[in-house]
Amino acid sequence: MTVAAERIDRLHELARAAAADGDTDRARYYVRLARRIAERNRLALPREFRRFTCDACDAYLRPGRNARVRTRDGHVVITCDCGAQARYPYEE
Ligand SMILES: [Zn+2]
């Protein structure tokens with residue numbers, strides 16, 4: 001694992017912890033930092049990171065708190081409080 005990938009993992013953990021503490025601004029800050037590192041290093045963000053972050057506002061998503069989750073037509077639809085939606089196929 002590269003140093004950049006490790007930093008992204010670490011920032012993901014920090015974002016998750018900040019979101020769990022209810023500190024959404026700090027969580028967003030970590031999410032943005034991780035995205036920037038991924039971009040600069042041309043790394044793909046881990047799938048879990050992509051699933052739990054909002055593409056529009058960079059919030060770390062916590063279903064039931066700042067995001068709603070619905071299943072529809074074989075997809076999971078996550079709606080962030082900012083209104084952005086993301087769809088993913090069901091996973092096995
Ligand atoms: Zn959002």
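Let me start with C80, which counts as buried because its relative accessibility is 7%, below the 20% under which a residue is called buried; please keep in mind throughout that this is a predicted model. C57 also counts as buried, since its relative accessibility is 16%.

What do these cysteines do in the model, in terms of contacts with the zinc ion? The zinc ion is coordinated by the SG atoms of C54, C57, C80 and C82, at 2.3 Å, and the angles among the four donor atoms run from 107 to 112°, so that the site is tetrahedral. Along the chain, the donors follow the spacing C-x2-C-x22-C-x1-C. The pair C57 and C80 links distant parts of the chain, 23 residues apart, with C57 in the loop between α3 (47-51) and β1 (67-72), and C80 in strand β2, which covers residues 75-80.

Now I turn to helix α1, residues 3-20, which has 18 residues and reaches 26 Å from its first C-alpha to its last, close to the 26 Å expected at 1.5 Å a residue. Which residues of α1 are buried? They are A4, A5, I8, L11, H12, A15, A18 and A19, and because they cover an arc of only 140° around the axis, they lie on the same side of α1. As a general point, an α-helix has 3.6 residues a turn, so residues three or four places apart point the same way.

What covers the buried residues of α1 includes α2 (24-40) and α3, whereas the face of α1 turned away from its buried side carries the exposed residues V3 and R10. Finally, α1 is followed by G22, whose phi is positive, near 85°.

Notes:
Residues numbered from 1 in each chain as written. Predicted model: local features only at pLDDT ≥ 70, side-chain atom pairs only at ≥ 80, totals over all residues. Heavy atoms only, no water. Donors = N, O, S within 2.8 Å, 3.2 Å for Na, K, Ca; no water. Tetrahedral: all angles 85-135°; square planar, octahedral: opposite > 155°, others 65-115°. Helix = DSSP H or I, 4+ residues; strand = E, 2+ residues; numbered from the N terminus. Buried < 20%, exposed > 50% of the residue type's maximum accessible area, 1.4 Å probe, protein only. Expected span 1.5 Å × (residues − 1). Arc of directions from axis to C-beta. Contact = heavy atoms within 4.5 Å.
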